Amino acid sequence: MSSTSTLRSGWLAALENKSLNLGFFQYNLRTLDGDSGCRLESHGKILRNKLQERRGIVVPGAADALAARVIASLGFEAVYVTGAGVTNALLGLPDLGFISLPELAQQTAAIRDAVDLPIIVDADTGFGNPLNVRHAVRVLERAGANAIQIEDQVFPKRCGHFSGKQVIPAAEMIAKIKAAVDARHDGDFLIVARTDARATDGFDAAIDRAAKWIEAGADVTFVEAPETLDEVRRIPSLLRAPQIINLVPGGKTPLVGAAELASTGYAVVLYANAALQGAIVGMQAALSELKARGVLDESSGKIASFAERQKLVQKPLFDELERKYSTE
């Protein structure tokens, strides 16, 4: 038997007709014919291709691995690790720059292990100067990210829909973007560059900055918090790179349907904290019921069933593994 056939046989035995997720890569069984039995495709390449289509894919944010599993179970095409959500959920604090790189990397690694989807990670300002950005890219790429988003706010940053934001000089942000581009190991690891200048200097200045980010090497740009429908609709036509729009219920940007946003050329329609806001409502409803009645069961409609919860955390898989490795 040839070495190629031996390798294929080993892979086939391991795969058992399923996908195998290893680190940054997704191995899919394509055909048993010839020497191209398996195809190697990175999540980064998958994400890059999706964004180049500019069809407005809806990407929800996840603050933790369980939220990411819910996102994957509902058929979304990518997941966004939200800096605001991680700060809110992990620390119980507002999005004012409190999260650290190790905390973000830990959440990213857990999410990478939990879902077989491309992952975009919100890295705020990159945790410092261009050298810090370089380090952040390397850490988050190792943790399983397929894209890193950095923004041009002064540290400590603020949520993009808070008042009182300030931005750094364009030259400083350009240096950060160049450092990020140079630091990535995988050529399909995407650099997403955000500008918050709409709030500080106006729409035209924000577009000018985003164009500079593209010239510096950013793969994707993100003009945060446009304030009118006209601004929302114009952004993709003014910038040559794929665009992300962040829709925040209650925020500064008008809410527009994904189909319309796709028709104007957006690559990603981001709902960074919809899952978290929904979880808050769900927790409040369930615990209010418990407090009022002194009892809470599945028939209340306020909680997921025990079986659904175990399914999401893959309890059946671990039951199977326990049987497989049992010594009795």
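How many bridges join β10 to β11? Three bridges join the two strands, which run parallel. The model is a predicted one. β10 and β11 belong to an open sheet of eight strands with parallel pairing. The briefing starts with that sheet.

- β9 (220-223) and β10 (244-246) stand at the edges. Each has a single partner strand, so one side of each is left without a neighbour in the sheet.
- From one strand to the next, the twist averages 25°.
- Strands of a sheet pair through backbone hydrogen bonds, either parallel or antiparallel.

- β10 and β11 share three bridges. Ile-244 stands opposite Val-268 in β11.
- β11 covers residues 268-271 and is joined to β4 by four bridges. These two strands run parallel.
- Val-58 has Val-269 of β11 as its bridge partner. Pro-60 faces Tyr-271 in β11.
- β4 is mostly covered, with five of its six residues buried.
- β4 also pairs with β5, in the parallel sense, over two bridges. Here Ala-62 stands opposite Val-81 in β5.
- β5 (residues 79-81) pairs in turn with β6 (residues 119-122). That pairing is parallel and has three bridges.

**Helix α5**

- α5 spans residues 101-114 and has 14 residues.
- From first C-alpha to last, α5 reaches 20 Å. That is close to the 20 Å expected at 1.5 Å a residue.
- The buried residues of α5 are Leu-101, Leu-104, Ala-105, Gln-107, Thr-108, Ile-111, Arg-112 and Ala-114.

**Backbone details in loops**

- Arg-54 has a positive phi of about 50°, although it is not a glycine. Arg-54 lies in the loop between α2 (43-53) and β4 (57-62).
- Arg-54 has 25% relative accessibility, so it counts as partly exposed.
- Asp-124 also has a positive phi of about 50° and is not a glycine. Asp-124 sits in the loop between β6 and α6 (130-143).
- Is Asp-124 buried or exposed? Asp-124 is buried, because its relative accessible area is 5%, and buried means under 20%.
- A cis peptide bond joins Phe-155 and Pro-156, with omega at about 0°. Pro-156 is in the loop between β7 (147-151) and α7 (170-183).

**The second largest pocket**

- The volume of the second largest pocket is about 800 Å³.
- Its lining has 27 residues. Leu-66, Val-70, Ala-275, Ala-279 and Met-283 lie nearest the centre of the pocket.
- Which helices each supply at least two residues of this lining? They are α3 (65-73), α12 (274-293) and α13 (306-312).
- α12 gives the largest share of the lining, eight residues.
- By class, the lining has 19 nonpolar, four polar and four charged residues.

**The cavities**

- Rolling a probe the size of a water molecule over the atoms shows where empty space is left.
- The model has two cavities of 30 Å³ or more. The second largest cavity has a volume of about 30 Å³.
- Gly-97, Ile-99, Ala-123, Asp-124, Thr-125, Phe-127, Phe-155 and Lys-157 line the second largest cavity.
- This lining divides into four nonpolar, two polar and two charged residues.
- Asp-124, with its positive phi, is part of the cavity lining. Phe-155, which is joined to Pro-156 by the cis peptide bond, is in that lining too.

Technical notes:
Residues numbered from 1 in each chain as written. Predicted model: local features only at pLDDT ≥ 70, side-chain atom pairs only at ≥ 80, totals over all residues. Heavy atoms only, no water. Pairing = 2+ DSSP bridges. Axes fitted to C-alpha atoms, helices over the stretch in contact; angles between N-to-C directions. 1 Å grid on protein atoms, 1.4 Å probe; cavity = no way out; pocket = protein on both sides within 12 Å on 5 of 7 lines; lining within 4 Å. Points joined across faces, edges and corners; volume = space filled by probe spheres on them. Nonpolar A, V, L, I, M, F, W, Y, C, P; charged D, E, K, R; others polar. Expected span 1.5 Å × (residues − 1). Buried < 20%, exposed > 50% of the residue type's maximum accessible area, 1.4 Å probe, protein only.
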